[in-house]
Amino acid sequence: MNYISTRNKNNIYSFEEALYEGLSSDGGLLLPENIPHLTYSDLEKMNGSHYIDIAGKIIGLYWEELEYQILKKLLHKSYATFTDKRIVPVEKLEHFYIAELFHGPTLAFKDLAMQFLGTTFEYMNIKTGKYINILGATSGDTGSAAIYSVKGKSRIKVFILYPYNSVSEIQELQMVTHNDQNIDALAIKGSFDDCQYIVKSIFMDDNFKKNYNVVAVNSINWLRILAQIVYYFSIYLTIVKKDEIGKKLNFVVPTGNFGNVFAGYLAKKMGLPIDKLIVATNENDILKIFITKGIYKVKNVKKTYSPSMDITVASNFERYLYYLLDERDNEVAKYMAELRDCSKIIISNELLDKVHEDFLSESTTNSEIIDTISRTFKKDHYIVDPHTACGINAYYKLSSFCKTDTVCLATAHYAKFPEIVEKSIEQKIKYPSVIEELFNKKKNVTILNNDIESVKDYIIGKALN
Ligand SMILES: *Cc1c(COP(=O)(O)O)cnc(C)c1O
């Protein structure tokens, strides 16, 4: 299957290009040129299958060039790092289901996509003779997931920049406790915005990027979205019995860059019986305002208890806009230019009605996060992390609109955020062994000055080539 740009359908890319490039040269994001459809009878056949088999079926539809047996091997290798052999187990609480997306090596849902991305890069690098250097900036979860995705892999190196002294202790430990030649955690004497600025500047330097094969793995990478479609199917097939296929479910998705929930939207477009996708935001509520009012307006970012959802704009939003506008690429380009020039997009009431066919949204404050963690612990004897709490709170606020069973996606394990969780449940938590082990490991980190040249020089000295 080929991939097209959201801003110009005539700009066409292969799967391989979509994997390595990320963006289209016109600034647009990449989407498959058509969306495969599955029937209820296809779903019935998949019922009872293991996660890996469901993944093989779904991903195979978008990566037809790859032999099925090779895809299965890549999937087995990717998910061998998960501690729960079901990969995404589902719990039933009193009022809703919880799908646990946090059984990967860094205890957050990003592993589900990143582990597959790392394995795929390794395979494609061998096939094409490439060596790549992954570069990224992180305020927490993405960096550790990227690091674990290249651990033990050949022909890939990763450089992750993070703000020195301002990520959480566990997030930092997950990045710096590696002894691998191909992993470099770089603590920058600056803020997260400084880290991001350095990374963006390096990506804008075309010569540098080409000379050192620098690759991004941020949330606009198509393969990450693709890997995330899989668990909507797997969760559905775990909950809905074979003779009930067709019954709809709602999904509540703690949202930042709109990657996770966009994957759910594609699952629905592929024919998975989903009623509403509930976009749960924290106090950074640009998406809630869009979904409720039809106004997408850039705001300054606020620091919250759910840091992985602290965003100014949602980088995957453009992909949704493309479908909302019935695939009229020139209109997407116009809206995106408007966003660039006026920091705002306003859609018609007619389009807003169309948004409401698929989405509902609510936001959650810091104090509601605490209340929700506490309430879920007391009522359901289940501990959730602050991101998942935003989802559960959104569900309670919107439950009168939920006409069918609802699944809340749990995007991180609670032990990643011990301070907030212990404060909410008023007791100490026990760390899972994967975290416990980190405290005894030797730290490997390079501290660099907050400037582009220092980072470039460092990369030049260490890059694979
Ligand atoms: C990244 C992340 C999110 C946000 O996901 P998006 O795909 O950016 O919407 C939510 N929760 C956790 C724990 C995350 O790490």
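Reply: Two strands count as paired if DSSP finds at least two bridges between them. The model is predicted. With that in mind, take strand 6.

Strand 6 spans residues 132-137. This strand is mostly covered, with five of its six residues buried. Buried here means under 20% relative accessible area.

Now the partners. Strand 7, residues 156-163, pairs with strand 6 in the parallel sense. Six bridges join these two strands. Between the two strands the chain passes through helix 6, residues 141-150. This β-α-β crossover is right-handed.

Strand 9, residues 214-215, is also a partner of strand 6. The pairing is again parallel, and it runs over two bridges. Here Ile134 stands opposite Val215.

Next, the ligand. The ligand is surrounded by 15 residues. The closest are Lys110, Asp141, Gly256, Asn257 and Thr411. By class, the shell holds eight polar, five nonpolar and two charged residues.

A polar atom of the Asp141 side chain lies 2.7 Å from a ligand oxygen. Backbone atoms take part too. A polar backbone atom of Phe258 is 3.1 Å from an oxygen atom of the ligand. For Gly259, the distance from a polar backbone atom to a ligand oxygen is 3.3 Å. On its own, the ligand has 380 Å² of accessible area, and the protein covers 97% of that.

Key: Residues are numbered from 1 along each chain as its sequence is written. This is a predicted model: local features need pLDDT of at least 70, side-chain atom pairs count only at pLDDT 80 or more; totals for chains, interfaces and linings use all residues. Side-chain values use heavy atoms; hydrogens and water are left out. A residue is near a molecule or strand if one of its heavy atoms lies within 4 Å of it. A polar contact is a pair of N or O atoms within 3.5 Å; within protein, one must be able to donate a hydrogen and the other to accept it, and residues adjacent in sequence count only if both atoms are side-chain atoms. Accessible areas come from the Shrake-Rupley method with a 1.4 Å probe; for residues, only the protein chains shown count as cover. Ala, Val, Leu, Ile, Met, Phe, Trp, Tyr, Cys and Pro count as nonpolar, Asp, Glu, Lys and Arg as charged, and the others, Gly among them, as polar. Buried means under 20% relative accessible area, exposed over 50%, partly exposed in between (1.4 Å probe, protein chains only). Helices (H or I, at least four residues) and strands (E, at least two) are DSSP runs, numbered from the N terminus. A crossover is right-handed if, with the strands pointing away from the viewer, the path from the first strand over the helix to the second runs clockwise.
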